[in-house]
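Please work through the exercises below with the sequence and the model open side by side. Each task is followed by a solution in steps.

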Amino acid sequence: MSIKTKICLILFSILAATALFTSVLVYQYMRSASRKQIYNMNQSVLNQISQNGSMLFSTVNATSERLAYNSDLNALMLLSPEEMQGEEFQEDDEMMEQFLTELSWTQSQFSVRFDIYVKGNNGYVCSTDYSKDYEKNLERHRQNQTGSRENEWTLIETFEEPSGMGAYHYVFQVICDVEDLITGEPVGIAVINVSEKLLFDIFSDMNIEGRTVRIVNGDGQIISSQDKREIGTIYPGWDRFGESSDDMQQIEYKNCLITRSLISETGWYVLDE
């Protein structure tokens, strides 16, 4: 082989290698730019979903505060067993039931009303729906309150309510103490059942072909999804997020970009796949 031919082959190899290297750089740049664009789009959308979620929890929190600081409810929870008799008590009890019913509708700005249950340490009970088991998670609230009065309410992740029909078959709960308005000592509890549908409504429009949005807790447990069979299961690949505490984070899992966004005051995340 002549020297001229060898030089041509060397030059061709260099050009080919340069072209290949350039192609790789261009591909990497385009891939990075595309991911950045998708991330920015997702960030805007997820921020809005997270804000809507925060609004829902603000409404639930406002409902719990109206219960905790209601003087009529406070008085009923301070009655003795003997005082929970007679026509006057029956009238006060009926008024409280009416108050809870009105609160469950007027305080909720959403498509499905809240279910409310109150129970005094004196045994007084009032509810908007007596068919449900509101007390199944009270022990978790007691444990959350042990040794600390900083946790004003306990948030219970979505669970299946066997006696719940339609929108109430899957609910999450907020449990808070009702305190004596004078001494500040707990005199009872209030439980608010919130339909999972209210969570799903926040992001349902985003579930289009090739895209799935869910809400998960801090352990990756799915608490709201289009497919209700997923509720209570752990999202595959959740461990890929690691121990990051960032409000917004993105990973790649099984050729998909997964973005999560924190819903403030809950420890829950909107998960966009």
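This is a predicted model: local features need pLDDT of at least 70, side-chain atom pairs count only at pLDDT 80 or more; totals for chains, interfaces and linings use all residues.

**Exercise 1. Confidence**

Solution: Begin with the chain as a whole, which averages a pLDDT of 79, with 77% of the residues scoring at least 70.

**Exercise 2. The surroundings of strand 5**

Task: Determine which strands pair with strand 5, and in what sense, and explain why strand 5 can be called largely enclosed.

Solution: Take strand 4 (170-179) and strand 5 (186-195), which run antiparallel and are joined by 9 bridges; within this pairing, Cys176 has Ala190 as its bridge partner. The two strands form a hairpin with 6 residues between them, and Gly184 in the turn has a positive phi of about 80 degrees. Next, turn to strand 1 (residues 115-120), which pairs with strand 5 over 6 bridges, also in the antiparallel sense, with Gly120 standing opposite Gly188. Finally, consider burial, for which the cut-off is under 20% relative accessible area: because 9 of the 10 residues of strand 5 are buried, the strand is largely enclosed by the rest of the structure.

**Exercise 3. Strand 6 and its partners**

Task: Describe which way the residues of strand 6 point, and find the strands joined to strand 6 by bridges.

Solution: Strand 6 covers residues 213-216, and from it Val213 and Ile215 point one way while Arg214 and Val216 point the other way, all of them buried. Strand 10 (residues 268-272) runs antiparallel to strand 6 and is joined to it by 4 bridges, with Asp272 opposite Val213. Strand 7 (residues 222-224) is likewise antiparallel to strand 6, here with 2 bridges, and Ser224 is the bridge partner of Ile215. Strands 6 and 7 form a hairpin with 5 residues between them, in whose turn Gly220 has a positive phi of about 85 degrees.

**Exercise 4. A surface patch**

Task: Locate Leu181 and decide which residues make a nonpolar surface patch with this residue.

Solution: Leu181 lies in the loop between strand 4 and strand 5, and its relative accessible area of 43% makes it partly exposed. Together with Tyr69 and Ile182, Leu181 makes a nonpolar surface patch of about 400 Å².

Conventions
Residues are numbered from 1 along each chain as its sequence is written. Side-chain values use heavy atoms; hydrogens and water are left out. pLDDT is the predictor's confidence in each residue, from 0 to 100. Patches are made of residues with over 30% relative accessible area and no salt bridge: like charges are joined within 9 Å, nonpolar side chains (Val, Leu, Ile, Met, Phe, Trp, Tyr) within 5 Å. Accessible areas come from the Shrake-Rupley method with a 1.4 Å probe; for residues, only the protein chains shown count as cover. A salt bridge is a side-chain nitrogen of Lys or Arg within 4 Å of a carboxyl oxygen of Asp or Glu. Buried means under 20% relative accessible area, exposed over 50%, partly exposed in between (1.4 Å probe, protein chains only). Two strands pair if DSSP finds at least two bridges between them.
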